[in-house]
Amino acid sequence: MPFQPFNRLSAFVSVHGPGFAMSAVTAAAAQFLSEHYGAPAMLMALLLGIAFHFLSEEGACVPGIAFTSRTVLRIGVALLGARISVDLLIGLGPKLISLVVAGVILTILFGLICAQLLGRGWRFALLTGGAVAICGASAAMAIAAVLPKNQHSERNLIFTVLSVTVMSTLAMIAYPVIAARLGLSDLATGVFLGGTIHDVAQVIGAGFSVSDEAGQTATLVKLIRVTMLAPVVLVFSLVIRAYVPDDGVGDGKRPPLMPFFVLMFLLLAAVNSFGLIPAALQSLLPDLSRWALLISIAAVGMKTSLKTILDVGGQAMFLIVVETAFLAVFILCGIAHFAS
């Protein structure tokens with residue numbers, strides 16, 4: 001009897017260990033490529049995962065890959081909350097916060113309208129709009145967790161993650177040049193980069209390539225967008241439960257009223273706001289979050305074949321491009337308005 005918990009843990013590890021280990025090794029390889037060749041780690045993990053798609057079809061890795069793509073993902077998103085604090089929000093001021101929040105909301109609404117015009121479903125619109133508006137791959141995976149599943153769910157998720165990661169990389173290169181051509185100050189450049197580039201790593205890279213002030217401002221503005229992840233996911237969940245009928249497509253499960261990983265995100269943000277996270281953990285938790293997301297995105301890649309990604313079509317790519325352009329134009333207009 002005393003050994004029952006140990007036996008359960010041993011059984012869990014034996015079932016899920018191979019798939020998790022393969023995902024972790026793939027993530028480590030992606031990180032190596034990122035550090036040595038400058039390629040985005042998320043993109044490398046995704047592409048390497050796709051190359052090992054056969055592991056998710058049969059064999060010992062199948063349960064672990066499914067567990068990693070779902071549970072480890074939620075852990076990574078929850079740990080993002082340790083980066084957030086009330087002091088961060090206060091330091092940026094109401095005007096800047098309003099601009100960033102408006103950009104998130106309007107980009108999602110713009111995505112819904114464009115998806116309707118392009119004949120795409122509302123699930124795909126929320127997935128792409130949220131990913132572009134908030135924090136790229138992390139937001140896409142968090143939003144996918146509360147959307148009702150259908151036969152295209154995994155395909156749409158992997159396509160969105162791949163597309164926003166590529167777009168974010170291109171933006172990291174192009175946006176500092178655009179800011180320089182427009183004659184933006186370092187502060188305004190930081191607001192532009194942090195308010196528009198999808199992934200945190202690319203925001204940091206673009207910002208500090210301009211100046212320390214631009215890099216610090218871009219990072220702070222980006223974290224405001226990350227703060228929006230929890231309320232946006234919660235609103236999506238509540239609206240879906242209230243207004244979307246169960247059409248019997250997919251697994252038939254309704255999204256949770258309040259996803260546990262969202263609660264943990266908010267709890268960690270609250271604890272960090274009160275300064276209750278020890279200094280050692282303040283640096284450790286963001287690293288754990290990054291690795292959890294990297295490992296889970298490798299597992300997500302393993303679950304999707306390249307053919308299914310190509311089946312999404314050019315309209316889907318066009319949707320993500322116009323959402324990205326809309327957000328960039330909106331933030332630039334906001335900067336011009338506040339500067340006048």
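**Exercise 1. Cysteines**

Is Cys 114 buried or exposed at its relative accessibility?

*Solution.* Before any value is read, note that the model is predicted, so that local features need pLDDT of at least 70, side-chain atom pairs count only at pLDDT 80 or more, and totals for chains, interfaces and linings use all residues. Residues are numbered from 1 along each chain as its sequence is written, and side-chain values use heavy atoms, with hydrogens and water left out.

Step 1: recall the classes, in which buried means under 20% relative accessible area, exposed means over 50%, and partly exposed lies in between (1.4 Å probe, protein chains only). Step 2: Cys 114 has a relative accessibility of 11% and therefore counts as buried. Step 3: Cys 135, at 3% relative accessibility, also counts as buried. Step 4: with a disulfide taken as a pair of cysteine sulfur atoms within 2.5 Å, the count comes to zero disulfides. Cys 114 is accordingly in no disulfide, and the nearest cysteine sulfur, that of Cys 333, is 16 Å away.

**Exercise 2. A helix and its surroundings**

Work out why helix α9 is described as largely enclosed by the rest of the structure.

*Solution.* Step 1: settle what a helix is here, namely a DSSP run (H or I, at least four residues), numbered from the N terminus. Step 2: helix α9 spans residues 186-196, and nine of its eleven residues are buried, so the rest of the structure largely encloses this helix. Step 3: the buried residues of α9 are Ala 188, Thr 189, Gly 190, Val 191, Phe 192, Leu 193, Gly 194, Gly 195 and Thr 196.

**Exercise 3. A nonpolar patch**

Identify the residues that make the nonpolar surface patch of about 270 Å², and describe the setting of Val 13.

*Solution.* Step 1: patches are made of residues with over 30% relative accessible area and no salt bridge, where like charges are joined within 9 Å and nonpolar side chains (Val, Leu, Ile, Met, Phe, Trp, Tyr) within 5 Å. A salt bridge, in turn, is a side-chain nitrogen of Lys or Arg within 4 Å of a carboxyl oxygen of Asp or Glu. Step 2: the patch is made by Leu 9, Phe 12 and Val 13. Step 3: Val 13 is found in helix α1 (residues 4-37), and with a relative accessible area of 46% it is partly exposed. Step 4: the C-alpha atoms of Val 13 and Ser 153, which are 140 residues apart along the chain, are separated by 28 Å.

**Exercise 4. Aromatic pairs**

Classify the ring pair of Phe 12 and Phe 67, and then that of Phe 110 and Phe 326.

*Solution.* Step 1: rings of Phe, Tyr and Trp (its six-membered ring) pair if their centres lie within 6.5 Å, and planes under 30 degrees apart count as stacked, over 60 as edge-to-face and the rest as tilted. Step 2: the structure holds six aromatic pairs. One of them joins Phe 12 and Phe 67, which is edge-to-face at 5.2 Å centre to centre and 85° between the planes. Because Phe 12 lies in helix α1 and Phe 67 in helix α3 (residues 62-79), this pair ties together parts that are 55 residues apart in sequence. Phe 12 is partly exposed at 35% relative accessibility, whereas Phe 67 is buried with a relative accessible area of 17%.

Step 3: the rings of Phe 110 and Phe 326 have their centres 4.3 Å apart and their planes at 10°, so this pair is stacked. The pair links distant parts of the chain, with Phe 110 in helix α5 (residues 94-118) and Phe 326 in helix α16 (residues 314-339), 216 residues apart. Phe 110 counts as partly exposed at 24% relative accessibility, and Phe 326 likewise counts as partly exposed at 24%. Step 4: ring pairs link Phe 110, Phe 326 and Phe 330 into a cluster.

**Exercise 5. Sequence separation and distance in space**

How many residues apart in sequence are Val 146 and Ser 237, and how many are Thr 71 and Ala 292?

*Solution.* Step 1: Val 146 lies in the loop between α7 (137-144) and α8 (153-181), and is buried with a relative accessible area of 0%. Step 2: Val 146 and Ser 237 are 91 residues apart in sequence and 5.9 Å apart in space, C-alpha to C-alpha. Step 3: Thr 71, placed in helix α3, counts as partly exposed at 26% relative accessibility. Thr 71 and Ala 292 are 221 residues apart in sequence and 9.6 Å apart in space, again C-alpha to C-alpha.

Key:
Helix = DSSP H or I, 4+ residues; strand = E, 2+ residues; numbered from the N terminus. Areas by Shrake-Rupley, 256 points an atom, 1.4 Å probe, with all protein chains shown as cover.
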